[in-house]
Amino acid sequence: MENGGTGEPDPGIEVAFWETVRDTANSEMIEAYLAKYPQGQFNGLANIMLNQLRAKAKK
């Protein structure tokens, strides 16, 4: 197991993934985060970012 066998996911992995995604303007990376962590701690922010990118793409 990732964190010594407790069976619980390591929240540090999600944070590291988010830190990679948050500074991009890449909708595919944001979608990958949301696919891996649909109930993740940053899913609200990820959805806001994704919606903003999609709105810019339509202009």
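## The aromatic cluster

F17, W18, Y33, Y37 and F42 come together as one aromatic cluster. This is a predicted model, where local features need pLDDT of at least 70 and side-chain atom pairs count only at pLDDT 80 or more, while totals for chains, interfaces and linings use all residues. Residues are numbered from 1 along each chain as its sequence is written, and side-chain values use heavy atoms, with hydrogens and water left out.

Searching the whole structure turns up five aromatic pairs (rings of Phe, Tyr and Trp, the last by its six-membered ring, pair if their centres lie within 6.5 Å; planes under 30 degrees apart are stacked, over 60 edge-to-face, the rest tilted). One of them is F17 with Y37, an edge-to-face pair at 6.0 Å centre to centre with 70° between the planes. F17 sits in helix α1 and Y37 in the loop between α2 and α3, so this pair ties together parts that are 20 residues apart in sequence.

How covered are these two? Y37 is buried, with a relative accessible area of 16%, whereas F17 is partly exposed at 26%. Here buried means under 20% relative accessible area, exposed over 50%, and partly exposed in between, using a 1.4 Å probe and protein chains only.

## Helix α2 and its two sides

Now for α2, which spans residues 27–36 and has I30, Y33 and L34 as its buried residues. Looking down the axis of α2, these residues fall within an arc of 95°, so they line one face of the helix (the arc is taken from the directions from the helix axis to the C-beta atoms). In general, an α-helix has 3.6 residues a turn, so residues three or four places apart point the same way.

The buried residues of α2 pack against α1 (11–22) and α3 (43–58), where contact means heavy atoms within 4.5 Å.

## The whole chain

Overall, the protein chain has three helices and zero strands, giving the pattern α-α-α along the sequence. Helices (H or I, at least four residues) and strands (E, at least two) are DSSP runs, numbered from the N terminus.

Of the 59 residues in the protein chain, 20% are buried. Among its contacts with a separation of 6 or more, 34% come from residues 24 or more positions apart.
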